[in-house]
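Hello,

Here is the structure for your files. Please open it alongside this note, and read on for what turned up in it.

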Amino acid sequence: MSTLHTVNKSPFERDSLSSCIRLAKKGSAILLIEDGIFGAMAGTDHSAMVQDAMQNASFYVLGPDLAARGMSEDRVIDGIQVVDYSGFVDLTKQHDTCQSWL
Amino acid sequence: MSTKKFMYVNRKAPYGTVYALESLEVVLIGAAFEQDVSLCFIGDGVYQIAKNQKTDGIGMKNFSPTFKALGDYEVNKLYVEKESLEARGLTLDDLMDLTWEDEDDDYAEKPSIRLVSSAELAEVLDEQDVVLSF
């Protein structure tokens, strides 16, 4: 069974992302949305944790939420795929279940 | 009416919650009372004044240009904690260019953003009469 995890909280403010990373099974997808997008940025205190987790799970980040917050796609960690809303829908279709880390 | 020192503490990223917008609205209302107003940006609050915010894709109002109006209300002390920027891989270049015109200096444009260390910010916070936290 494969799961799509969504994280919508900043890793600087909550432990949603670290909990998700700790508990997501290998082969899961993790989509960062809303304030969760800050977890996708390179060069932050949390980048290493995410880069490490990318060996287990595939990471995605929602483009419109990056743009709203002034975060350039160029500064997203290499290997994290930027998706739009239809990409979000595709991800939900590709996985059996979805878990939201609110 | 005596003048008091007001500090608005901003600790949340914009759009994900309503705190950032609410804070800005209170600052604008408060600006009418001619008090000595400062803002500080700590933690995820630094994201509120990031450059190039484009909200068309999320169907929300981009309120970041409003920060540029603060100078006209004599709100020109915006403290940004250096440690918070660094933890997020950001520098002053990633923040909006926020300025004010000094009427005592031939309307010279001066920067409103003051980059300070945690220790310096602690001193500034200690001087305040009223601290409002968002």
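Ser47(A) counts as partly exposed because it has 16 C-beta neighbours inside 10 Å. (A residue is buried with 20 or more other C-beta atoms within 10 Å of its own, exposed with 12 or fewer, and partly exposed in between; C-beta atoms are placed from the backbone.) Ser47(A) sits in helix H2 of chain A, residues 47–53. Helices (H or I, at least four residues) and strands (E, at least two) are DSSP runs, numbered from the N terminus. Setting aside neighbours within four places in sequence, Ser47(A) is in contact with Ala42(A) and Ile77(A). Contact here is C-beta atoms, placed from the backbone, within 7 Å. Ser47(A) and Ile77(A) are 30 residues apart in sequence, yet 7.4 Å apart in space, C-alpha to C-alpha.

Two notes on the source. This is a predicted model, in which local features need pLDDT of at least 70, side-chain atom pairs count only at pLDDT 80 or more, and totals for chains, interfaces and linings use all residues. Residues are numbered from 1 along each chain as its sequence is written, while chains are lettered from A and ligands numbered from 1 in the order in which they are written.

Chain A next. Its open sheet has 5 strands in the order E4-E3-E2-E1-E5, with parallel pairing. (Strands pair if DSSP finds at least two bridges between them.) Strand E4 (81–83) and strand E5 (97–101) of chain A are the edge strands, and each pairs on one side only. Strand E3 (residues 58–62) of chain A runs parallel to E4(A) over 3 bridges. There, Val61(A) has Val82(A) in E4(A) as its bridge partner. Helix H1 (residues 16–23) of chain A lies across E1, E2 and E5 of chain A, at about 165° to E1(A). Such axes are lines fitted to C-alpha atoms, for helices over the stretch in contact, with angles from 0 to 180 degrees between N-to-C directions.

Now the core. The largest nonpolar core has 55 residues, and Val61(A) and Ile37(A) are among those that touch the most other members. (A nonpolar core is a set of buried Ala, Val, Leu, Ile, Met, Phe, Trp, Tyr and Cys residues joined through C-beta atoms within 7 Å.) Beyond its neighbours within four places in sequence, Ile37(A) has contacts including Leu32(A), Val61(A) and Met71(A).

Chain B has 3 helices and 7 strands. It also holds an open sheet: 5 strands, order E6-E3-E2-E1-E7, parallel pairing. Strand E6 (113–116) and strand E7 (130–133) of chain B stand at the edges with a single partner strand each, so one side of each has no neighbour in the sheet. Strands E1 (residues 5–10) and E2 (residues 36–41) of chain B run parallel, joined by 6 bridges. Helix H1 (residues 19–31) of chain B lies across E1, E2 and E7 of chain B.

Strands E4 (residues 99–102) and E5 (residues 108–111) of chain B pair in the antiparallel sense over 4 bridges. They have 5 residues between them, and Asp106(B) in the turn has a positive phi of about 55°. Thr99(B) stands opposite Pro111(B).

How much of chain B is buried? Buried residues make up 34% of its 134 residues.

Last, the interface. 18 residues of chain A are in contact with 19 residues of chain B. The chain A side divides into 7 nonpolar, 5 polar and 6 charged. (Ala, Val, Leu, Ile, Met, Phe, Trp, Tyr, Cys and Pro count as nonpolar, Asp, Glu, Lys and Arg as charged, and the others, Gly among them, as polar.)

Best wishes

How values were computed: Contact = placed C-beta atoms within 7 Å.
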